[in-house]
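Here is a short note for a colleague who has not seen this chain before. Please keep the model open while reading.

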Amino acid sequence: QPFTLALVSRLLNGAGFSKVRILDVHSDVALRLIRNSVNVLPYQVVQNVINTVQPGSIVAPDLGAVERVGKLAGIVRHVVQCSKHRDMQTGKLSGFTVPQTVYEKCLIIDDICDGGATFEGLAAELRTKGAKEIYLYVTHAIMSKGCTLKGIDKIYTTDSYWPVPTRMSNFV
C-alpha cells in the first residue's frame with residue numbers, strides 16, 4: 001500500500017543504511033523511495049524450479065511481468081505473455097487471455113500471490129490452450145485466501161513471507 005511504503009521507506013532511510021537489498025521488489029516505486037536500495041531477483045531459486053519442473057512453456061501472467069520473467073527464466077526460453085482485466089471499482093478479475101497454444105507442462109512465474117485469483121483464472125485459460133500440468137513459482141506467497149489454488153498442480157515459493165505455508169501438500 002502506498003502509505004505503508006512511504007512509512008517503511010522513511011524508517012529505512014532514517015537508519016542510514018549503505019545498502020538495502022529487496023528480494024524481488026513488487027514495484028519500482030520502492031527502489032525510488034528507499035535510498036541505496038537494489039532489487040535482488042531470485043535467479044538461482046527460479047532456475048532450480050525450472051530444472052525440477054522441466055516446463056515446455058514459461059508463462060508471464062501479465063504485461064508487467066514479461067521482462068522480469070524473461071530475465072529469470074533465461075534467454076533460451078520463450079515466455080508466453082498473458083493478460084487479464086481488473087475492474088478498478090471492485091478489484092474483480094476477468095478476461096484472462098493466453099494468446100497461443102502452450103506446451104502440456106507450464107510454469108507460471110510471478111513475484112507475489114495474495115489471494116490467488118490471477119493464477120486460478122490463468123490456469124483455467126491455460127488448460128483450454130493445451131496445458132495438462134500447471135506449476136506456479138511466486139517469490140512471496142501470502143496466500144490470504146488459503147493455500148490451494150484451483151488448477152495449479154504445485155506451488156514453489158521462498159520463505160520471504162511468514163508464516164510459510166509449507167504444511168500444505170502442494171507447496172515446495
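The points below go from the whole chain to single residues.

1. Basis of the note. This is a predicted model, where local features need pLDDT of at least 70, side-chain atom pairs count only at pLDDT 80 or more, and totals for chains, interfaces and linings use all residues. Numbering starts from 1 along each chain as its sequence is written, and side-chain values use heavy atoms, with hydrogens and water left out.

2. Secondary structure. The chain has five helices and nine strands. Both kinds of element are DSSP runs, numbered from the N terminus: helices are H or I with at least four residues, strands are E with at least two. From the N terminus on, the order is α-β-α-β-α-β-α-β-β-β-β-α-β-β. The chain is as compact as a globular protein of its length, because its radius of gyration is 17 Å, close to the 16 Å that the globule rule gives for 172 residues. That radius is taken over C-alpha atoms, and the rule is 2.2 Å times the number of residues to the power 0.38.

3. Extent and surface. The C-alpha trace spans about 50 × 40 × 30 Å along its principal axes. The accessible surface is about 9,900 Å², with 55% of it belonging to carbon and sulfur atoms. Areas come from the Shrake-Rupley method with a 1.4 Å probe; for residues, only the protein chains shown count as cover. Of the 172 residues, 40% are buried. Buried means under 20% relative accessible area, exposed over 50%, and partly exposed in between (1.4 Å probe, protein chains only).

4. Contacts along the sequence. Take contacts between residues at least 6 apart in sequence: 50% of them join residues at least 24 apart. Contact means heavy atoms within 4.5 Å.

5. The cores. Which residues have the most contacts inside the largest nonpolar core? They are Ile108, Leu126 and Ile152, in a core of 24 residues. Strands S6 (93-97), S7 (105-113) and S8 (133-141) and helix H5 (117-128) each give two or more residues to this core. A second, separate core has 17 residues, including Ile50, Ala65, Val69 and Ile109. A nonpolar core is a set of buried Ala, Val, Leu, Ile, Met, Phe, Trp, Tyr and Cys residues joined through side-chain atoms within 4.5 Å.

6. Ile152. Leaving aside neighbours within four places in sequence, Ile152 is in contact with Ile108, Phe119, Ala123, Ile134 and Leu136.

7. The loop with Asp24 and Val25. Asp24 is found in the loop between S1 and H2. Val25 lies there too, between strand S1 (20-23) and helix H2 (28-33). Asp24 is buried, at a relative accessible area of 1%. Val25 also counts as buried, at 9% relative accessibility. Beyond four places in sequence, Val25 is in contact with Ala30, Leu31, Asn39 and Asp111.

8. Positive phi. Most residues other than glycine have a negative phi. Asp24 is not a glycine, yet its phi is positive, at about 50 degrees. Gln54 has a positive phi as well, near 55 degrees. Gln54 is found in the loop between helix H3 (43-53) and strand S3 (57-60).

9. Asp62. Where is Asp62 found? Asp62 is in the loop between S3 and helix H4 (66-73). Is Asp62 buried or partly exposed? At 22% relative accessibility, Asp62 counts as partly exposed. Not counting residues up to four places away in sequence, Asp62 touches Cys82 and Lys84. The C-alpha atoms of Asp62 and His85 are separated by 9.7 Å, with the two residues 23 apart along the chain.
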